[in-house]
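Hello,

Here is the structure I promised to pass on. My notes on it follow below.

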Amino acid sequence: MSQPQSPFMFITDLDHTLVGDNNALAELNQQLQQHRQTHGTVIVYSTGRSLTLYRQLLTEVDLLEPDFLVLSVGTVIYSKGSETPSQDWIDYLSPDWDRTKVVAIAQSFPALTPQPESEQTQFKASYVIDGEAAQTVLPQLETALRTAQLDTQIIYSSAQDLDILPRRGNKGAAVAFLQEQVGMSGDRTVVCGDSGNDIAMFEAAAAKGIVVGNAKPELRGWYTNQATAETYLADAHCAGGILEGLLHFKFLD
Ligand code: GLC
Ligand code: MG
């Protein structure tokens, strides 16, 4: 039994999940802010963006200040009020990650175009490749990384973005880390997303899930084939879909 009156940990992707419908966002912000003030609910943003692109987004939309900020596809974690990212998380991701070798292998695939410099971060190497080319190139890239004994994972989102990360780090692993930090159970945690890099949150984490109505095919496919009853597919888009899901799970009333 869920209780709308008790705190929960709210973890959401930004682009096309929290952000995308300004009216619904304003309504959701108001409800979450009130729940945080009254019940101590914890607000977490988990985005593929780097700090640079997150700051850019803040100039474009009104967002609440989160209690935790997870950047670069789960590989960087900031707590509110801290100027530096979590060292524990850096230490956890560091073993066996050799970014220079990862980039050298990726560069040997001409079909991969590097993303801007701001998105190339300590534990993330990012490229763009279109959906059709990806079908042949991604399996080859995976084989090349494995043959070089690089302990990595590749995550493909929105039929364009390719991220190469350490095996241990993704948005799902970051959820588990934060649950431990905050002491929040899976029952009182909810994750929200729209695309490929969010699948790890729905999969790895003990949490309820909200897939927004505008979700990309790769996440819809995951929902159709692998989702459990703990995951809710909303009709409404973006923040409207989140509100719908929070009511469905009775996190809000
Ligand atoms: C964001 C990041 C980009 C990443 C994408 C998918 O757009 O800026 O680097 O590839 O999310 O994870
Ligand atoms: Mg998104």
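**Helix packing and the ligand site**

The model is predicted, so local features need pLDDT of at least 70 and side-chain atom pairs pLDDT 80 or more, while totals for chains, interfaces and linings use all residues. Side-chain values use heavy atoms, without hydrogens and water, residues are numbered from 1 along each chain as its sequence is written, and chains are lettered from A and ligands numbered from 1 in the order written.

The H4 and H5 contact (heavy atoms within 4.5 Å) is made by Val102, Ile105 and Ala106 of H4 and Leu141, Ala144 and Leu145 of H5. By class, that is six nonpolar, no polar and no charged residues (nonpolar: Ala, Val, Leu, Ile, Met, Phe, Trp, Tyr, Cys and Pro; charged: Asp, Glu, Lys and Arg; polar: the others, Gly among them).

H1 and H9 also cross, and their crossing is left-handed. On H1, the contact uses Ala24, Leu25, Glu27, Leu28, Gln31 and Leu32. H9 supplies Ala239, Gly240, Ile242, Leu243 and Leu246. This contact of H1 with H9 has eight nonpolar, two polar and one charged residues.

Now the ligand. Ligand 1 is surrounded by residues including Gly48, Arg49, Leu53, Val73, Asp161 and Asp163 (a heavy atom within 4 Å). An N or O atom in the Glu119 side chain is 2.7 Å from an oxygen atom of ligand 1. A polar side-chain atom of Lys124 lies 2.7 Å from a ligand 1 oxygen atom. For Asn197, a polar side-chain atom lies 2.7 Å from an oxygen atom of ligand 1.

Best wishes

Methods:
Left-handed = near helix turned anticlockwise from the far one by under 90°. Helix = DSSP H or I, 4+ residues; strand = E, 2+ residues; numbered from the N terminus. Polar contact = N/O pair within 3.5 Å; in protein donor to acceptor, adjacent residues only side chain to side chain.
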